[in-house]
Amino acid sequence: INGNERVMVMNEDLASNQTFIEHQKVKDRLMLRLFSQRGAYKIPVSLVENNEGILEVSFSRFRDIPVVVLLKALGLTSDAEIASLIGKQTDSLIVNLYEFANISGVNEALMWIAEKSSLQGTNKEMLDRVKQRINNYFLPHIGLEKDSCLEKAKTLCKFIKQFYVAREHPEDSMTDKDHYANKRVRLSGDLLSDLFRVNMNILLRE
């Protein structure tokens, strides 16, 4: 290019769509996270337990949403069903279920999330916006349609169980991020397609 030689370097990246369990040194707590990738989408999702013992999930613009509220927003409204899907009865789980036992329907849960996220507008607008954001930004690799909600809820239950198992046996459960099973090497084709996609979208918007 203009008389200069250019070298394209391979890029090492953490694997998408698989969970990592690590210890947050700053806040001294366990954290489960993954990068949910679908095409150009790559959304980080994290699951942590706050000081009151409530499990909270963060993704996109939603921060610290209690997992029980999110499960109910996704369509799992029965506490018994949530407990059986997680399949690991712990005191912490009972505390989580009891804390939000008063939220019984999907719309109630969606409104709770809308208010927590300080969304503005009429009730219908707020509900539509929350539904759209959850469909698009929560675990997009499972699907972006309304039909995928239950599958997302079941996957979240598996993450919760994995988190509880890791909390009981931290020495066996931590993910080694430097192990090559947890990494992907992105070659020139991947990197060029990403670059093309980003610039094509900019061109279309303009």
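## Overall make-up

The secondary structure of the chain comes to eight helices and seven strands, and the model described here is a predicted one. Along its principal axes, the C-alpha trace of the chain spans about 70 × 50 × 30 Å.

The chain has 206 residues, of which 40% count as buried, and its accessible surface comes to about 12,300 Å², with 50% of that area belonging to carbon and sulfur atoms. When contacts between residues at least 6 apart in sequence are considered, 55% of them join residues at least 24 apart.

## Leu-47 in strand 4

Leu-47 has its place in strand 4, a strand that runs over residues 41-49. With a relative accessible area of 2%, Leu-47 is buried, because residues under 20% are counted in that class.

The surroundings of Leu-47 come from several parts of the sequence: leaving aside residues up to four places away, Leu-47 touches Leu-30, Met-31 and Leu-32, then Leu-55, Glu-56 and Val-57, and also Val-67, Phe-159, Ile-160 and Phe-163. For one of these residues, Val-57, the C-alpha atom lies 4.5 Å from that of Leu-47, although ten residues separate the two in sequence.

If residues up to four places away in sequence are not counted, Asn-50 touches Arg-29 and Glu-56.

Helix 3 covers residues 91-99, and its buried residues are Ser-92, Leu-93, Asn-96 and Leu-97. These residues lie on the same side of helix 3, because they cover an arc of only 130° around the axis. On the other side of helix 3, Asp-91 and Tyr-98 are exposed.

The buried residues of helix 3 pack against both strands and helices: strand 4 and strand 5 are among their partners, together with helix 1 (67-73), helix 2 (79-86) and helix 6 (149-168).

## Salt bridges between parts of the chain

A search of the whole structure finds nine salt bridges.

Another salt bridge brings together the side chains of Arg-33 and Glu-22, at 2.7 Å from N to O. Arg-33 lies in strand 3 (residues 29-38) and Glu-22 in strand 2 (residues 20-24), so this pair ties together parts that are eleven residues apart in sequence. Both Arg-33 and Glu-22 are buried. Glu-22 also forms a salt bridge with Lys-177, where the closest N and O atoms are 3.2 Å apart. Because Lys-177 lies in the loop between helix 7 (170-173) and strand 7 (183-186), while Glu-22 lies in strand 2, this second pair ties together parts that are 155 residues apart in sequence. The relative accessible area of Glu-22 is 16%, which places it among the buried residues, whereas Lys-177 is partly exposed at 31%. Salt bridges that share partners join Glu-22, Arg-33 and Lys-177 into one network.

## A nonpolar patch on the surface

Met-10, Tyr-180, Val-185 and Leu-187 make a nonpolar surface patch of about 430 Å². Met-10 is found in the segment before strand 1 (11-14), and this residue is exposed, with a relative accessible area of 56%.

How values were computed:
Residues are numbered from 1 along each chain as its sequence is written. This is a predicted model: local features need pLDDT of at least 70, side-chain atom pairs count only at pLDDT 80 or more; totals for chains, interfaces and linings use all residues. Side-chain values use heavy atoms; hydrogens and water are left out. Patches are made of residues with over 30% relative accessible area and no salt bridge: like charges are joined within 9 Å, nonpolar side chains (Val, Leu, Ile, Met, Phe, Trp, Tyr) within 5 Å. Accessible areas come from the Shrake-Rupley method with a 1.4 Å probe; for residues, only the protein chains shown count as cover. A salt bridge is a side-chain nitrogen of Lys or Arg within 4 Å of a carboxyl oxygen of Asp or Glu. Helices (H or I, at least four residues) and strands (E, at least two) are DSSP runs, numbered from the N terminus. Buried means under 20% relative accessible area, exposed over 50%, partly exposed in between (1.4 Å probe, protein chains only). Contact means heavy atoms within 4.5 Å. The arc is that of the directions from the helix axis to the C-beta atoms.
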